[in-house]
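Reader: I'm new to this one. Could you show me how to read it?
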Amino acid sequence: MGNVYGYMKLRNQRELELFEVYQSTEGKHIDNLYFDIVLGKTSSNQKLNEMLDQLRKDDLVLIKSFSNVTTSLQELRDFLYVVHNIGGKIDILKKASGEQIFCSDEGYKYLEQFLILQAQMESKKNKILITSDTKKEKLLSEIYSVFLRQQEGLISSEQAAEELQINVGSYYKFAQQLNT
């Protein structure tokens, strides 16, 4: 295992306690801690970029949540791309957010497929012709989008199943696979 880096867009000093809790519960020392200060609704990514420049193969990046690091799916993809290509790993401190799936190679691939589909839809002004290959991508992105909304507490499992037009048991199976 390489170095352990911590990064957060910091709103107040108490948020740093997440890193202290991680060190005490996981028994791992954080080698370098980076944070950009949030002023109002704005912050820079200067320290994030400094951390990514230091990152090497087998290093671990600890973040509060993806929403704390990025503001769009494209920024998320760019962040994941850098970490994955270097050979680093990501761990999320606020695991209840449901974002942990993106830390895996499979989750990253789902995000890539979703962004490709989104770009296709935008370029064809939402008049995409669905072929057998894009049906799978579309289904995956729909399931994952609903799953994330359910994990964030925006909809219930029953509402998620109804939206996907499947029974609740099938939705639980999908959700269980996405949670691993």
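Author: We'll go from the overall layout to the ring pairs, and then to one helix. This is a predicted model, in which local features need pLDDT of at least 70 and side-chain atom pairs count only at pLDDT 80 or more, while totals for chains, interfaces and linings use all residues. Residues are numbered from 1 along each chain as its sequence is written, and side-chain values use heavy atoms, with hydrogens and water left out.

Reader: Okay, how many helices and strands are in the chain?
Author: Helices (H or I, at least four residues) and strands (E, at least two) are DSSP runs, numbered from the N terminus. Here the chain has 8 helices and 4 strands, and along the sequence they follow the pattern β-α-β-α-β-α-α-β-α-α-α-α.

Reader: What percentage of the residues in the chain is buried?
Author: Buried means under 20% relative accessible area, exposed over 50% and partly exposed in between (1.4 Å probe, protein chains only). Of the 180 residues in the chain, 38% are buried.

Reader: How do I read aromatic pairs?
Author: You describe a pair of aromatic rings by the distance of the centres and the angle of the planes. Rings of Phe, Tyr and Trp (its six-membered ring) pair if their centres lie within 6.5 Å; planes under 30 degrees apart are stacked, over 60 edge-to-face, and the rest tilted. This structure holds 2 aromatic pairs. In one, the ring centres of Tyr5 and Tyr34 are 6.2 Å apart and the planes sit at 35°, so the pair is tilted. That pair links distant parts of the chain, with Tyr5 in strand S1 (residues 4-10) and Tyr34 in strand S2 (residues 32-37), 29 residues apart. Tyr5 is buried at 3% relative accessibility, and Tyr34 is buried at 13%.

Reader: And how are the rings of Phe66 and Phe79 arranged?
Author: Their centres are 6.3 Å apart and their planes at 70°, so this pair is edge-to-face. Phe66 belongs to helix H3 (residues 66-69) and Phe79 to helix H4 (residues 73-86), 13 residues apart. Both Phe66 and Phe79 are buried.

Reader: Which residues is Phe79 in contact with, leaving aside neighbours within four places in sequence?
Author: Contact means heavy atoms within 4.5 Å. For Phe79 the partners are Leu48, Leu52, Val61, Ile63, Phe66, Val69, Thr70 and Ile90.

Reader: Which residues of helix H7 are buried?
Author: In H7 (residues 157-164) they are Ser157, Ala160, Ala161 and Leu164. They cover an arc of only 95° around the axis (taken from the directions from the helix axis to the C-beta atoms), which puts them on the same side of H7.
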